[in-house]
Amino acid sequence: MATEFDKNWESMQPVLTIDANDSIDLAESKEDIVWHELQNAYRAKRVLAAALSGYEATDAGGVVIAYYKGHRIVIPINEMALKLEEQNGYGDMRGRQIRIVNSMIGCELDFAIIALDNEERSVVASRRLAMKAKRRKFYFPNEDGVCRIKAGDVLQTRVIAVGEKAIRLDIFGAECSVAAKNLAWDWLGDARERYNVGDRILAVVTEIKRNDETMDVSVSAEVKSLLKNDLIEKLKECKVQGSYAGKITDIHKGVVFVRLDMGVNAIAHTCKDHRMPGKGDRVTLTVTHLDETNVIANGVITRIIQQNVRGW
């Protein structure tokens, strides 16, 4: 077994690397480098980004935990700039905050350091201040009177939350929800089929509203205009009296909306199966009419292939 002297001696020796002139950073030196980077960011008030990894309850109201290059970052939940008004009526404030944070776990978020402890090497940060700084930089006029982000721009955005009917994007310090109907040309019954928290996707900014006094920004965006619309070509592959498999994406006032596996949107007013169709069920639909104006196939559900017992 190696003695303490042996361990110290080994730590002092340069590591012989496979490639010439290469070097290896030991764990201690990496940690020092990251801490130095955090100190510089604190002094320069620079915005950094990290993955949201968890939530911890505290007497003061709870903290969000993120990791920047392996270093733990603590963000008080009151510094998360959560949109609580979107969950009005869903429990007390603490419960609403926790629900929103839990839906965001795994996303990438911006933060600005507001306190450092050199002895403990602990970091306290604010997402609210980071988002405000980004909004000021990208949405408000610079010295030349020009805004870096304008309506119509295509931007890379972060997916910070995903629900059944919508996803939530962080667009350079401004948040917005994009409904499922604006995410794809074919009917998307559940946005979670195609999007995940932590994704980076392209989106088109459709509207921007600014408040010069509060520096608040309201943004609207959509995704599907950036995607190829081949519904017309796929509809031509459908044949009247042809039977095709698909999945029920929604049911509204007796009308069943189906996304066929071949990529065609279809509706049915009748189901010949003795069972009641439900959202998420896989079905067979026989086409009775092709609506080229609305690019939709009309038909009859002849059989429920598999019922969705889990609700989706």
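## Cysteines and ground rules

Let's begin with the cysteines: a search of the whole structure turns up zero disulfides, where a disulfide is a pair of cysteine sulfur atoms within 2.5 Å. As a reminder, a disulfide is a covalent bond between the sulfur atoms of two cysteines. Cys107 has 0% relative accessibility and so counts as buried; "buried" stands for under 20% relative accessible area, "exposed" for over 50%, and "partly exposed" for values in between (1.4 Å probe, protein chains only). Cys176 is buried too, with a relative accessible area of 3%.

This is a predicted model, in which local features need pLDDT of at least 70 and side-chain atom pairs count only at pLDDT 80 or more, while totals for chains, interfaces and linings use all residues. Residues are numbered from 1 along each chain as its sequence is written, and side-chain values use heavy atoms, with hydrogens and water left out.

## The whole protein

The protein has five helices and 15 strands. Helices (H or I, at least four residues) and strands (E, at least two) are DSSP runs, numbered from the N terminus. Of its 312 residues, 41% count as buried.

Next come the contacts, meaning heavy atoms within 4.5 Å. Among those between residues at least 6 apart in sequence, 59% join residues at least 24 apart. The protein exposes about 18,100 Å², and carbon and sulfur atoms supply 50% of that area; accessible areas come from the Shrake-Rupley method with a 1.4 Å probe, and for residues only the protein chains shown count as cover.

Follow the order β8-β7-β6-β9-β10 and you trace an open sheet of five strands with antiparallel pairing; two strands pair if DSSP finds at least two bridges between them. At the edges are β8 (174-179) and β10 (217-222), each pairing on one side only. From one strand to the next, the twist averages 50°. Helix α4 (residues 127-139) packs on this sheet, touching β6, β7 (166-171), β8, β9 and β10, and its direction makes about 85° with that of β8. Axes are lines fitted to C-alpha atoms, for helices over the stretch in contact, and angles run from 0 to 180 degrees between N-to-C directions.

Within the sheet, five bridges join β6 (residues 154-162) to β9 (residues 200-210). Arg158 has Arg200 in β9 as its bridge partner.

Strand β1 (residues 48-56) runs antiparallel to β4 (residues 108-117), and four bridges join them. Here Ala49 stands opposite Asp110 in β4.

β4 also pairs with β5 (residues 122-126), in the antiparallel sense over five bridges, with Ile113 opposite Ala125 in β5. These two strands form a hairpin with four residues between them, and Arg121 in the turn has a positive phi of about 55°.

In soluble globular proteins, nonpolar side chains tend to be buried together. A nonpolar core is a set of buried Ala, Val, Leu, Ile, Met, Phe, Trp, Tyr and Cys residues joined through side-chain atoms within 4.5 Å. The largest one here has 26 residues, and Leu38, Tyr68, Ile73, Ile75, Met80, Met104 and Phe111 touch the most other members. Elements giving two or more residues to this core include α2 (27-44), α3 (93-104) and β4. Apart from it lies another core, of 24 residues, among them Ile149, Tyr195, Met215 and Val217.
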